[in-house]
Amino acid sequence: MAARKQWDNIGGWIFTLLCLCDWSVAQISYTISEEADKGTAVGNLAKDLNLNVQRLESSGLRITSGYNKQYFDINHESGVLFVSERVDREELCPNTVKCSLNLEATLSNPRSLHRIEVVISDINDNAPSFLEETISIDMSESSYVGERHPLPRAHDADVGVNSVKTYKLNPNDYFSLDIQNTGDQSVSAELVLQKALDREKQTVIELTLTAIDGGKPPRSGTLQILVNVLDVNDNSPLFSKTLYKVQVAENTNIGTTLLTLTATDLDGGVNSQLVYSFSERRLSNIDDKFSLDENTGEITVKGNINYEENQAYEIRVQARDKGTPPRSAHSKVLVEVIDVNDNAPEISVSSLMSPVKEDAEIGTSVAMVTITDKDGGRNGVTNCEITGSVPFKLKSNYKNYYSLLVDGPLDRESVSQYNVSITAKDEGTPSLSTTSIVTVHVSDVNDNPPRFPEPLVNIYVKENSPVGTTIHTLTTLDSDLNDNAKSTFNLLNSSPKNTQIASMVNINSETGDIVSLQSFNFEELKTFQFKVQATDSGVPPLSSNVTVNVFVLDENDNSPSILAPYSEHGSVNSESIPYSAEAGYFVAKIRAVDADSGYNALLSYHLSEPKGNNLFRIGTSTGEIRTKRRMSDNDLKSHPLVVLVSDNGEPSLSATVSIDVVVVESTADIQTPFRHVPIKEESFSDLNLYLLISIVSVSLIFLLSLITLIAVKCHRTDGTFSRYSAPMITTHPDGSWSYSKATQQYDVCFSSDTLKSDVVVFPAPFPPVDAELISINGGDTFTRTQTLPNKDKVRKANISFHMLNNFELQLN
């Protein structure tokens, strides 16, 4: 009985559902009689659910309920729902016409939930009974024929046809029964006097009242009635109404007057003095709710009136005079309780499937929501909705049962937890509402690939670095969690060219460390490129790629090399000048190259011997040896010179060449080797043809470079190396110019000498991001356009210069 009361208070048990991707709800109804034997079949649940009996065990079918006892169970071999505990309808549903038990059938494969309603039909297992075995009724001998006296009602725990349907009175000479059926399942009887009483003949009349129910076979209960025949007081009190009706709102204050009974008695004196009282107090517990003033007949509220406990009260009252013997009159008071909206809706959440995967489809069930309201009428009608903007919705399943469903895309990386606010509101006046917060956690799925901070990685590594050096460490970012965010790295061999990369570098798959497998030589390899793929550990795994550019930085590991004609090792180099040579007279030009690049290949020329030389000077950048002044008689005829060629590396490397300058008396004595001054030809020689072709080619290159520069400025596009895409041309006062473009830079220098002109081209592939443009001016000076960072990065970003060609044009 306590379990049934708890079920009524919450409006039904919340039926559960455990399903990862779909949620189905259905309802099946069965009917069974109470007191059925244990093992009695209720229904074939497997058949009604369309389940295969052979697979019944694997389906995970189980029965749950919210009651203290497991009244029903399932036969997993046949799929039959059977009675497992004694079912007493009167214990489960007292004073209720319809009695049903709500069960839940849960399937795990496939996952679904079915609501089962088992209606318990009543059997006639209770006989009518009276509260007392014997009652006494005092009646005056002067009672008139037709006088009525209400008899106690019998109580039957059964309902419907099995409840009390009629009364019978044993055969006698004085009384008959008037049976009254009010249509509200309440059958009462009144004792009607059929013959005048004569106390002198019979002072006590014994009657037997039998209450009979409508069962088949019918059951009955009896009440012994002792009628005491009294003398004289021959007028009974009379109520003004046979039925009083009054309304009272629930929660009415204690002491509130409902009504005042009015009864009269035609007798006089003591026989007309009336005393009011309740009858059948113990049956209806009227004394707990109402009080009756025995003198005035005023009925007032004594206890709390709750509509949810009882919607109406039927009060039987009597008025008894003080005569001897006393006479009484009876009436009914019907108190209708008016509902007040004093109960807010209650929200109950069950079968919460949390966390929910972030890739859950729209319509996936998350939880079951049940709304109950103890009020009646419009006060008990509820509406339920979700407040706020969340990707969930409520779907009505059955009456006040709802499913909480996914109604939009979920993204754990954006929102990992939702607090779903569910508000239930009734339709009372004023309306009451309740809000409940359902916390739904979103679980991670592998929907984000690992991301590299940049799509392109530039690595600068010094040449001659030791094998096994970690040149860079790759890192990734992944918005997922745990294994979905754990990345492994590997080299991509997407082309035959990249297969050579595996012999040059290796990558640690766990840490992302890129390790060199060989020592790099800038003079052989200046840059190379490969791709790395990062793959997470999710299912399925996701990956992304990054392009890695490796730039080999030059080190000063090559000494300058002297070019012909002064390059023969151990040879004696001799040059002659006339005694009449003026200051600035051209003596010779030393040319040298350096296999290194940038500052390491930037050469300067110095005369290291003889000490204190004041006759000759050399251009530090051009290598041209000229006289400082005119010759004098005190000067020697032979001057041995040692030229030191040094690069600008750290530490600086150098080479030397020795030249013996001989002073002759006249220009006729100067015998210039063919290698220095070509024989003048009247005709147009091949050398002139080559010179013309070179000049035209250089002019075309200059013109094309200028056009390209204008075009790039007008149509600039973004790219990996876009900052190097615009060519740059620098001109100098002596007629020299420098040209840089994309991944190659050229410096072209012309000497100002009228007899000799040198063209030197320095290419530099892939200049670093921070670089320096060096322009050679006329004379011994040079200027720098600084784009390098601070000094500790200068050596890491030297410009790569290579001398590709050095040739001398000699004109007559």
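Is E665 buried or exposed? At 56% relative accessibility, E665 counts as exposed, because the cut-off for that class is over 50%. The notes below concern the salt bridges of this predicted model.

1. The structure holds 19 salt bridges, and the points that follow take up some of them.

2. E665 has K637 as a salt-bridge partner, with 3.7 Å from N to O. Because E665 lies in the loop between β47 (654-664) and α7 (686-714), while K637 lies in the loop between β45 and β46, the pair ties together parts that are 28 residues apart in sequence. K637, with a relative accessible area of 44%, is partly exposed.

3. E582 and R630 also meet through their side chains in a salt bridge, at 2.2 Å from N to O. This pair links distant parts of the chain, 48 residues apart, with E582 in the loop between β40 (573-578) and β41 (586-589) and R630 in the loop between β45 (624-627) and β46 (638-646). E582 counts as partly exposed at 45% relative accessibility, and R630 is partly exposed at 44%.

4. A salt bridge of 3.7 Å, N to O, joins the side chains of R153 and E314. R153 sits in the loop between β9 (148-150) and β10 (164-169) and E314 in strand β22 (residues 312-321), so the pair ties together parts that are 161 residues apart in sequence. E314, at 26% relative accessibility, counts as partly exposed.

Definitions and conventions
Residues numbered from 1 in each chain as written. Predicted model: local features only at pLDDT ≥ 70, side-chain atom pairs only at ≥ 80, totals over all residues. Heavy atoms only, no water. Salt bridge = Lys/Arg side-chain N within 4 Å of Asp/Glu carboxyl O. Helix = DSSP H or I, 4+ residues; strand = E, 2+ residues; numbered from the N terminus. Buried < 20%, exposed > 50% of the residue type's maximum accessible area, 1.4 Å probe, protein only.
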